Amino acid sequence: MSDWKTQTKLIHAGARRSQYGEMSEAIYLTQGFVYESAEQAEARFIESGPDEFIYARYGNPTVRMFEERIAAIEGTEDAFATASGMAAVNGALTSLLKSGDHVVAARALFGSCLYVLEILGRFGVEVTLVDGTDLGQWRAAMRSDTKAVFLESVSNPTLEVIDVKSVCEIAHAVGATVIVDNVFATPTFSKAVELGADVVVYSATKHIDGGGRCLGGVVCGTKDYIRKILEPYLKHTGGALSPFNAWVMLKGLETLDLRVRAQAANALALAQALEGYEKLSRVIYPGLKGHAQHTIAMEQMGAGGTVVTLEVKGGQAAAFRFLNALEIVKISNNLGDAKSIVTHPATTTHQRLPDEQKAMLGITPGLVRLSVGIEDVGDLLADLRQALDAV
Ligand SMILES: Cc1ncc(COP(=O)(O)O)c(C=O)c1O
């Protein structure tokens with residue numbers, strides 16, 4: 001299996017067939033497992049084999065298939081699936097840290113990721129936030145007690161692209177563990193582990209499901225990190241993925257590569273067509289030559305990703321008029337879906353940030369995040385143009 005290309009692994013890796021030889025992966029919708037004897041139960045609690053399960057909060061055959069498939073495509077030794085992307089982010093950080101530890105993180109993060117860092121602060125973890133695109137700031141922030149580094153490889157929603165390889169080198173020089181939230185980059189465009197990351201986190205709710213059906217998440221890393229550090233934390237605190245959702249994610253992985261490449265092709269075409277449009281003050285897309293980290297984006301991902309961020313001239317009122325005039329593109333707050341979705345971050349996903357922090361992060365009142373789907377690109381462009389003309 002290790003010789004298989006990603007597209008093959010996405011379809012076959014981790015499959016476990018029962019005695020019935022089912023074609024589609026089975027949904028083991030069970031919280032528990034029956035033991036043949038009390039002695040067997042005792043032995044399994046001491047040490048479980050790869051095909052032995054105890055309780056769905058600890059593991060389940062359908063969930064295990066998803067974990068093995070994602071670990072195979074990420075190129076990590078192991079993975080642990082979680083109930084949501086935030087359970088993955090929280091688990092990856094909290095399982096590793098204790099009071100007195102120091103964390104360095106990029107300041108441009110999804111609102112809930114910033115919240116997790118705030119919670120860690122309440123428990124005595126010191127957090128330093130840096131401009132993730134400035135390697136000098138990363139270098140200056142590292143200390144001998146820096147235990148973890150956390151970043152989104154492409155930030156939500158302003159699409160800053162972080163030079164993951166360089167940040168990993170800087171962090172590893174002080175022995176810190178680098179945790180990369182790779183949601184926007186997707187498993188198709190970037191393997192953060194190949195760039196030096198120690199731990200990779202996904203909200204599977206996004207591109208992995210791709211159909212807007214279920215919440216889910218996953219943490220990928222070495223066997224030691226996943227089984228000795230993360231698993232004890234997650235199995236006792238209850239962030240497990242449901243077997244049904246794991247099955248949806250397994251099916252999502254089968255078409256991930258096709259969908260994400262089609263989405264990125266649409267996103268590039270839309271960004272190019274909208275650049276310079278008179279109703280817009282900015283078109284942010286890492287695939288455009290004018291993007292501040294275009295070169296890094298191309299080296300790291302070979303593409304610009306599936307999200308285009310626009311700034312509508314005229315602030316919030318103009319942005320709202322644009323959103324309300326869209327017909328095909330839906331107003332919602334997920335991303336990575338086959339359907340195109342538009343979000344106004346300042347009043348939704350990043351609403352709770354103070355105005356100064358929003359301004360510092362570039363989350364202006366006119367900023368709109370567009371997650372590009374796989375609809376016909378001509379239809380999408382026509383919809384975006386008519387809505388912009390309505391502003
Ligand atoms: C970059 C990033 N990380 C984590 C999450 C959290 O994922 P979930 O909603 O599955 O908890 C999201 C989106 O919600 C996100 O955009």
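I began with T186, which is buried, with 26 other C-beta atoms within 10 Å. I call a residue buried if 20 or more other C-beta atoms lie within 10 Å of its own, exposed if 12 or fewer, and partly exposed in between, with C-beta atoms placed from the backbone. The model is predicted, and I took local features at pLDDT of at least 70 and side-chain atom pairs at pLDDT 80 or more, while totals for chains, interfaces and linings use all residues. Residues are numbered from 1 along each chain as its sequence is written.

**Backbone**

T186 is not a glycine, yet I read a positive phi of about 65° for it. T186 is found in helix α8 (residues 186-189). Helices (H or I, at least four residues) and strands (E, at least two) are DSSP runs, numbered from the N terminus.

I then looked up L159, also a non-glycine residue, and found a positive phi of about 60°. L159 lies in the loop between β4 and α7. Is L159 buried or exposed? L159 is buried, with 25 other C-beta atoms within 10 Å.

P157 is found in the loop between β4 (146-152) and α7 (164-172). The peptide bond from N156 to P157 is cis, and I noted omega near 5°. For reference, most residues other than glycine have a negative phi, and most peptide bonds are trans.

**Ligand shell**

I listed 15 residues around the ligand, of which S84, G85, M86, S203 and T205 come nearest. A residue counts as near if its C-beta atom, placed from the backbone, lies within 6 Å of the molecule or strand. Two elements give two or more residues to this shell, α4 (85-94) and α5 (111-122). The largest share, three residues, is from α4.

By class I have six nonpolar, seven polar and two charged residues in the shell. Ala, Val, Leu, Ile, Met, Phe, Trp, Tyr, Cys and Pro count as nonpolar, Asp, Glu, Lys and Arg as charged, and the others, Gly among them, as polar.

Why do I call α4 largely enclosed by the rest of the structure? Nine of its ten residues are buried. The buried residues include G85, M86, N90 and L93.

The axes of α4 and helix α9 (residues 223-237) come within 9 Å and cross at roughly 125°. Axes are lines fitted to C-alpha atoms, for helices over the stretch in contact, and angles run from 0 to 180 degrees between N-to-C directions. The two helices are therefore oblique to each other; under 35 degrees would count as roughly parallel, over 145 as roughly antiparallel, 65 to 115 as roughly perpendicular, and the rest is oblique.

The contact is made by G91, A92 and T94 of α4 with L230, Y233 and L234 of α9. Contact requires C-beta atoms, placed from the backbone, within 7 Å. I sorted these residues into four nonpolar, two polar and no charged.

**α10 and α14**

The axes of helix α10 (residues 243-274) and helix α14 (residues 377-389) come within 10 Å and cross at roughly 40°. From α10, N266, A269, L270, A273 and L274 meet V377, L380, L381 and L384 of α14.

I checked A269 of α10 separately. A269 is partly exposed, with 17 other C-beta atoms within 10 Å. A269 and L288 are 19 residues apart in sequence and 10.0 Å apart in space, C-alpha to C-alpha.

Methods:
Contact = placed C-beta atoms within 7 Å.
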